[in-house]
Amino acid sequence: MKEFKLDHQPKINTGFKVPDDYFDTLEKAVQNKIASRQTPVFKLFTKKKWIIAVAAIFVIALSIPIFNQIKTSASSLDQAHVEVYLAEQCDLYEEDIVDLLDDEKIEKIELELNINPSELEEALLTNSNVEEYLIN
């Protein structure tokens, strides 16, 4: 392969020419363009302050009920939903609860059943599935 030297080969003309004294006058030309252009000024506080204030109050008044509805719908759980969840999704059985309780805690648990004998007898007579409860 031939050795290529930039100094010995004829140079190719690019076709671009810089005008005479271009770089000397460039700074002045840019400064003149910057000085002649005026930037638009927008005032933040105009005579229509009350329109902006009314719009802000209107937006706040509309957003408060929406925010409250989102907040309450996410946190409102009624007792029925909790019972259904515990009945269907809970994997905790009575044996697990008994294993977690100590003898002291079991003694603290007191069930006070104030059952009237006549009400008990009436409930047993009216309920047709008494035999299922007695067998289990």
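Reply: Fine. Asp 21 is found in the segment before α1. Keep in mind that this is a predicted model.

Me: What is the phi of Asp 21 like?

Reply: Asp 21 has a positive phi, about 60°, although the residue is not a glycine.

Me: Is Asp 21 buried or exposed?

Reply: Asp 21 counts as exposed, because its relative accessibility is 52% and the cut-off for exposed is over 50%.

Me: On to α1. Which residues does it cover, and where is Val 30?

Reply: Helix α1 covers residues 22-36, and Val 30 is in it.

Me: How far does α1 reach from its first C-alpha to its last?

Reply: The 15 residues of α1 reach 20 Å, close to the 21 Å expected at 1.5 Å a residue.

Me: How many buried residues does α1 have?

Reply: Zero among its 15 residues, so α1 is hardly covered. Val 30, for one, counts as partly exposed because its relative accessibility is 38%.

Me: New topic: aromatics. How many aromatic pairs are there?

Reply: The count comes to one aromatic pair. Tyr 22 and Phe 23 form it, with 5.3 Å centre to centre and 80° between the planes.

Me: Why is that edge-to-face?

Reply: The angle between the planes of Tyr 22 and Phe 23 is 80°, and planes over 60 degrees apart count as edge-to-face.

Me: And how accessible are Tyr 22 and Phe 23?

Reply: Tyr 22 is at 38% relative accessibility and therefore counts as partly exposed. Phe 23 is at 62%, so Phe 23 counts as exposed.

Me: Which residues form the nonpolar patch on the surface?

Reply: Val 18, Tyr 22, Phe 23, Leu 26, Val 30 and Ile 34. Together they have about 570 Å² of accessible area.

Me: Zooming out, how many helices and strands does the protein have?

Reply: Seven helices and zero strands. Along the sequence the pattern reads α-α-α-α-α-α-α.

Me: What share of the protein is buried?

Reply: Buried residues make up 1% of the 136 residues.

Key: Residues are numbered from 1 along each chain as its sequence is written. This is a predicted model: local features need pLDDT of at least 70, side-chain atom pairs count only at pLDDT 80 or more; totals for chains, interfaces and linings use all residues. Side-chain values use heavy atoms; hydrogens and water are left out. Patches are made of residues with over 30% relative accessible area and no salt bridge: like charges are joined within 9 Å, nonpolar side chains (Val, Leu, Ile, Met, Phe, Trp, Tyr) within 5 Å. Accessible areas come from the Shrake-Rupley method with a 1.4 Å probe; for residues, only the protein chains shown count as cover. A salt bridge is a side-chain nitrogen of Lys or Arg within 4 Å of a carboxyl oxygen of Asp or Glu. Helices (H or I, at least four residues) and strands (E, at least two) are DSSP runs, numbered from the N terminus. Buried means under 20% relative accessible area, exposed over 50%, partly exposed in between (1.4 Å probe, protein chains only). The expected span of a helix is 1.5 Å times one less than its number of residues. Rings of Phe, Tyr and Trp (its six-membered ring) pair if their centres lie within 6.5 Å; planes under 30 degrees apart count as stacked, over 60 as edge-to-face and the rest as tilted.
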